[in-house]
Amino acid sequence: MITLKRDNWMSVRKFLLGTGTRSGFISKLVLFVLLVDVGLIYLYPFFHMISTMLMSTTDLIDPTIIWIPRSIHWDNLAKAFEGLQYWQGFGQSMLVSLVGAGAQAFSCALAGYGFARYDFPGKNVLFFLVLLTFVIPPQTIVIPLFLIYRKFGWLDTQLPLIVPEMLGLGLKGALFIVIYRQFFMGLPASLEEAARLDGASPFGVFTKVMLPLAKPAILSVSLFSFVWHWNDFYLPTMFVTDQAKWTLVRRLSGLQQSLDSLYDVDAYGLSRMTEPVNMAGAFLVIMPVLLLYLVAQRWFTESIERTGLVE
């Protein structure tokens with residue numbers, strides 16, 4: 001009888017606390033609660049945006065309605081679509097994001113390969129300066145950049161948002177160089193030696209041997225660069241004043257003024273009436289990035305693991 005009770009107690013203990021590498025029920029429950037809490041912290045703003053953009057003005061000012069409106073107002077999306085001039089802004093955002101991401105994926109790979117595989121005078125100092133460009137806030141150098149771009153005649157164009165990316169810098173360029181450098185340092189040198197014995201030039205070794213092997217790093221850099229260019233607000237605001245060339249994020253900041261021209265009401269009533277429309281505009285801006293992540297989620301996760309970015 002005593003042995004039976006002891007066996008039952010050991011079974012309960014194993015179930016609650018686990019054994020060896022197996023986690024028990026308590027640890028799994030704590031982990032589940034922690035993950036749910038963290039998930040709610042990230043998802044709460046998104047749920048609030050969705051709920052608010054589907055509300056009417058009456059539902060918005062009704063204190064009894066918190067999440068679910070009495071009726072769904074899809075016309076808020078139509079108003080935001082019109083206020084943003086969505087397709088025009090979408091084209092400008094895609095231009096900056098796609099060209100910027102593609103340029104950085106190649107130029108930063110070339111720079112990272114050079115730092116990883118070649119020894120030259122001042123290499124460590126130059127790499128330190130590259131890292132320094134990452135920690136210096138862009139606000140501290142925006143005035144010199146503005147004067148330079150004005151002298152080049154690049155203001156009110158997308159060139160200030162694209163040309164630096166072609167030179168291995170631009171938005172978060174130093175981080176991408178570090179990612180490529182770490183990836184190329186992990187590849188065996190025998191691959192390059194074999195290519196050189198076959199008569200490949202240094203640039204041929206890079207483009208035909210090393211770059212195809214860097215697909216995980218290329219995918220990580222391309223996705224990060226695309227999202228950061230899509231969400232960037234500061235640099236387009238500084239260098240592009242022509243409204244026809246504004247990106248969606250820049251247009252979102254001026255959505256209230258666009259709505260002011262569409263609705264003839266007082267300022268207090270307008271701000272309340274257009275809050276659901278503003279939320280709808282925010283949803284339209286982030287929707288392409290969400291769709292991109294849903295499509296590329298599996299490849300993106302694999303690329304993060306293979307590049308060692310999480311280490």
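**Close-up 1. Serine 97 in helix H5 of the predicted model**. Serine 97 is found in helix H5, and because its relative accessibility is 0%, this residue counts as buried, the cut-off for that class being under 20% relative accessible area. When its neighbours within four places in sequence are left aside, serine 97 is in contact with Phe226, His229 and Trp230. Serine 97 and serine 222 are separated by 125 residues in sequence, while their C-alpha atoms lie 9.5 Å apart in space.

**Close-up 2. Helix H8 and the helices that cover its buried residues**. Helix H8 spans residues 159-166, and its buried residues are Pro160, Leu161, Ile162, Pro164 and Glu165. The cover over these buried residues includes helix H5 (86-117) and helix H7 (142-152), together with helix H12 (215-231) and helix H13 (234-239). Helix H8 is followed by glycine 168, a residue whose phi is positive, near 85°.

**Close-up 3. Isoleucine 41 and a nonpolar surface patch**. Isoleucine 41 lies in helix H2, which runs over residues 25-53, and because its relative accessibility is 61%, isoleucine 41 counts as exposed, the cut-off for that class being over 50%. Isoleucine 41 is one of the residues that make a nonpolar surface patch of about 1300 Å², to which Leu31, Leu34, Leu35, Val38, Tyr42, Leu43, Tyr44 and Phe47 also contribute, as do Ile66, Trp67 and Ile68.

Terms used: Residues numbered from 1 in each chain as written. Predicted model: local features only at pLDDT ≥ 70, side-chain atom pairs only at ≥ 80, totals over all residues. Heavy atoms only, no water. Buried < 20%, exposed > 50% of the residue type's maximum accessible area, 1.4 Å probe, protein only. Helix = DSSP H or I, 4+ residues; strand = E, 2+ residues; numbered from the N terminus. Contact = heavy atoms within 4.5 Å. Patch = residues over 30% accessible without salt bridge, like charges linked within 9 Å, V, L, I, M, F, W, Y side chains within 5 Å. Areas by Shrake-Rupley, 256 points an atom, 1.4 Å probe, with all protein chains shown as cover. Salt bridge = Lys/Arg side-chain N within 4 Å of Asp/Glu carboxyl O.
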